Amino acid sequence: MLARNQAGLVSRRQALGTGLTPGMIDAKVKFGWWELVHEGVYKTFTGQLTRDGLLWAAVLHAGRGAYLSHGIAAEINRLTDDAPPAIDITIPGNRRVIAPKGVIIHRSTHKPMTWRPPGIPPYSIAEQTVIDLVQAAVDKDEIVAVVTSGFNRNLLTENHLRAVARTREKLRWRHDLDEIISMAAGGTHSPLEYRHDTDVQRAHGLPEPVKQAKFLKPDGTGGYRDRYYPQYGRLVIELDGKRFHPDDQRGLDRERDNQAAVTGSTLRYGWNDVTRKACETARQEADALAHRGWAGELKPCSPHCRAREAGQAREAREAR
């Protein structure tokens, strides 16, 4: 029964606890009834290990207090659709475990917040998983990605996530996380949208749009506009999140379409437009808003802001 609830896996400690002797366990391995998976962990059936079996093997090897965390917990919690390259396991900070191949061992002194569904190894809940990934993040975009994904998929609540963050006395990126949580809870659904809102819109003093504005498609189904200005000619801003697949021709086409849309209805931007050309993009948005009645003035984001130069270049083209 024990092995059946653990995808056919059992630890040596568990087997001894059921009354088996060390000799009986060794005999089962010798005659091929059991197979050693990791040190002290046995497969009690013939055939290949399932995905759950691999997870159980890692947790049982790690022993007391171990649970799935970080990347693998993000997959289980559906914070991401990507399978991690290794199985992350967290154990109490006062223990030491040698990680077998394909397993990463983390140590923590924090009280774990875990789920233990029947037949699945214990794993950290979504909010704790996010905070663990924030602590391990190497750049801000990683934090934005996991936080916005959690809110976009309705897996996180603002109050609960902030409460879990407060349990960490030392938390890297704490100041950035506070801002990211607020923006994600308010409708920022991706790293690209975050960078647009901070580096293009707010950094240049552009008015606040409606985020994730609902609209009705021609076929009668509902959809969402990334950013929408109902008060300024119903201007729409769509953000294309294909960050890692640049296409030079596609970029040229989008730039052409955007320039035409300054007097039209929709502006579309990708990762490079929002990160490498934030000032130029802000200038274009400001022109589109002004054309629709915005009386504000674009503000330079820094002493070296390129938005003013972009505006002067546009005026020179129009003069010709």
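Mentor: The account below goes from a sheet to its helices and then to one residue. This is a predicted model, in which local features need pLDDT of at least 70, side-chain atom pairs count only at pLDDT 80 or more, and totals for chains, interfaces and linings use all residues. Residues are numbered from 1 along each chain as its sequence is written, and side-chain values use heavy atoms, with hydrogens and water left out.

Four strands form an open sheet in the order S9-S10-S11-S12, with mixed pairing. Its edges are strand S9 (210-216) and strand S12 (266-269), each of which pairs on one side only. From one strand to the next the twist averages 45°. Helices (H or I, at least four residues) and strands (E, at least two) are DSSP runs, numbered from the N terminus; two strands pair if DSSP finds at least two bridges between them.

Strands S10 (residues 222-229) and S11 (residues 235-239) run antiparallel and are joined by 3 bridges. Arg-227 stands opposite Ile-237 in S11.

Helix H9 (residues 191-201) lies across S9, S10, S11 and S12, at about 15° to S10. Helix H12 (residues 278-291) lies across S10, S11 and S12, at about 170° to S12. Axes are lines fitted to C-alpha atoms, for helices over the stretch in contact (heavy atoms within 4.5 Å), and angles run from 0 to 180 degrees between N-to-C directions.

Tyr-229 lies in strand S10 and is buried (under 20% relative accessible area, 1.4 Å probe, protein chains only), with a value of 1%. Not counting residues up to four places away in sequence, Tyr-229 touches several residues, including Gln-201, Ile-237 and Leu-289.

Notes: Buried means under 20% relative accessible area, exposed over 50%, partly exposed in between (1.4 Å probe, protein chains only).
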